[in-house]
Amino acid sequence: DHQAVQLDASLSTEELRREIKKLSEDASVTGVLLFSPIPEPFDYNALGSAIPFHKDVEMIFPGGFYPPTAAAIWELIRDSGLDLRGKKIVLVGQSPRIGNPLMDILMNHLQDTGYVITSLNKYGPQDFFRQSIREADVVITATGVRHLITGEDLKEGAFIIDAGEPYPDVEFDTAKERAAA
């Protein structure tokens with residue numbers, strides 16, 4: 001069960017923060033989701049920081065937890081038994097919900113394992129983008145750009161995780177011929 005609450009855009013940032021905090025403190029409210037984009041002149045992070053971590057549905061604000069998709073990708077890697085020691089990992093996408101938290105997870109869990117991680121975004125120089133993916137043992141992508149990566153871009157035997165939403169980032173039909181998983 002959910003209830004959408006539309007806050008008055010004529011309020012100041014501080015007044016909106018107080019309203020969000022009041023909702024968060026309500027015992028009948030089990031979670032708070034702050035929709036974006038936030039209209040000007042409001043600051044998404046300033047408003048979101050009023051949500052306590054235990055009620056932050058997307059878990060994107062400070063509090064010691066990771067957003068569910070980023071955490072699920074890490075669990076998938078861990079449960080797969082994939083040994084990341086010495087691997088070249090490319091992370092495509094730098095969103096606050098997947099890319100950035102996943103980079104943090106990887107860096108925290110893979111210390112002293114000799115891995116190399118490259119973080120790319122879809123707007124970077126395409127020659128560097130394609131070359132980095134071609135050399136990667138592991139490609140994790142989360143941009144939502146349909147078929148941003150094709151089989152031709154991948155190293156033979158690469159491990160691929162596509163968290164692109166609403167569209168898959170990897171062109172499955174060509175990638176399955178080269179990828180290991």
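Which residues of α3 are buried? They are Ala-70, Ile-73, Trp-74 and Ile-77, and they make a handy way into this predicted model. The protein has 6 helices and 4 strands, and buried residues make up 35% of its 181 residues. Here is a quick tour, starting with the overall layout.

**Overall layout**

- From the N terminus on, the elements follow the order α-α-α-β-α-β-α-β-β-α.
- The C-alpha trace spans about 55 × 30 × 30 Å along its principal axes.
- If you take the contacts between residues at least 6 apart in sequence, 51% of them join residues at least 24 apart.

**The sheet**

- The 4 strands form an open sheet in the order β2-β1-β3-β4, with parallel pairing.
- At the edges sit β2 (116-120) and β4 (159-162), each of which pairs on one side only.
- Neighbouring strands of this sheet are turned by 10° against each other on average, direction ignored.
- Strand β1 (residues 88-92) pairs with β2 over 5 bridges in the parallel sense, and here Val-90 stands opposite Thr-118 of β2.
- On to β3: β1 and β3 run parallel and are joined by 4 bridges, with Thr-141 of β3 as the bridge partner of Val-92.
- The pairing of β3 with β4 is also in the parallel sense, over 4 bridges, and Val-139 is found opposite Ile-160 in β4.
- Along β3, Val-138 and Ile-140 point one way while Val-139 and Thr-141 point the other way, and all are buried.

**Helices against the sheet**

- Helix α3 (residues 68-80) lies across β3 (138-141) and β4, and runs at about 155° to β4.
- Helix α5 (residues 126-135) packs on the sheet too, where α5 touches β1, β2 and β3. The direction of α5 makes about 145° with that of β2.

**A closer look at α3**

- This helix has 13 residues and reaches 18 Å from its first C-alpha to its last, close to the 18 Å expected at 1.5 Å a residue.
- Seen down the axis of α3, the buried residues fall within an arc of 95°, so they line one face of the helix.
- What lies over those buried residues? The cover includes α4, β3 and β4.
- Just after α3 comes Gly-81, which takes a positive phi of about 80°.

**Helix α4**

- The buried residues of α4 are Gly-99, Pro-101, Leu-102, Met-103, Ile-105 and Leu-106.
- These buried residues pack against α3, β1, β2 and β3.

**Nonpolar cores**

- The largest nonpolar core has 20 residues, and those with the most contacts inside it are Ile-73, Ile-77, Ile-89, Leu-102, Leu-106 and Ile-140.
- At least two residues of this core come from each of α3, β1, α4 (99-109), β3 and β4.
- Which residues does Ile-77 touch, leaving aside its neighbours within four places in sequence? Ile-77 is in contact with Leu-82, Leu-84, Leu-106, Ile-140 and Ile-161.
- There is also a second, separate core of 14 residues, which includes Phe-129, Ala-136, Leu-154 and Ala-175.

Notes:
Residues are numbered from 1 along each chain as its sequence is written. This is a predicted model: local features need pLDDT of at least 70, side-chain atom pairs count only at pLDDT 80 or more; totals for chains, interfaces and linings use all residues. Side-chain values use heavy atoms; hydrogens and water are left out. Two strands pair if DSSP finds at least two bridges between them. Axes are lines fitted to C-alpha atoms, for helices over the stretch in contact, and angles run from 0 to 180 degrees between N-to-C directions. Contact means heavy atoms within 4.5 Å. A nonpolar core is a set of buried Ala, Val, Leu, Ile, Met, Phe, Trp, Tyr and Cys residues joined through side-chain atoms within 4.5 Å. Buried means under 20% relative accessible area, exposed over 50%, partly exposed in between (1.4 Å probe, protein chains only). The expected span of a helix is 1.5 Å times one less than its number of residues. The arc is that of the directions from the helix axis to the C-beta atoms.
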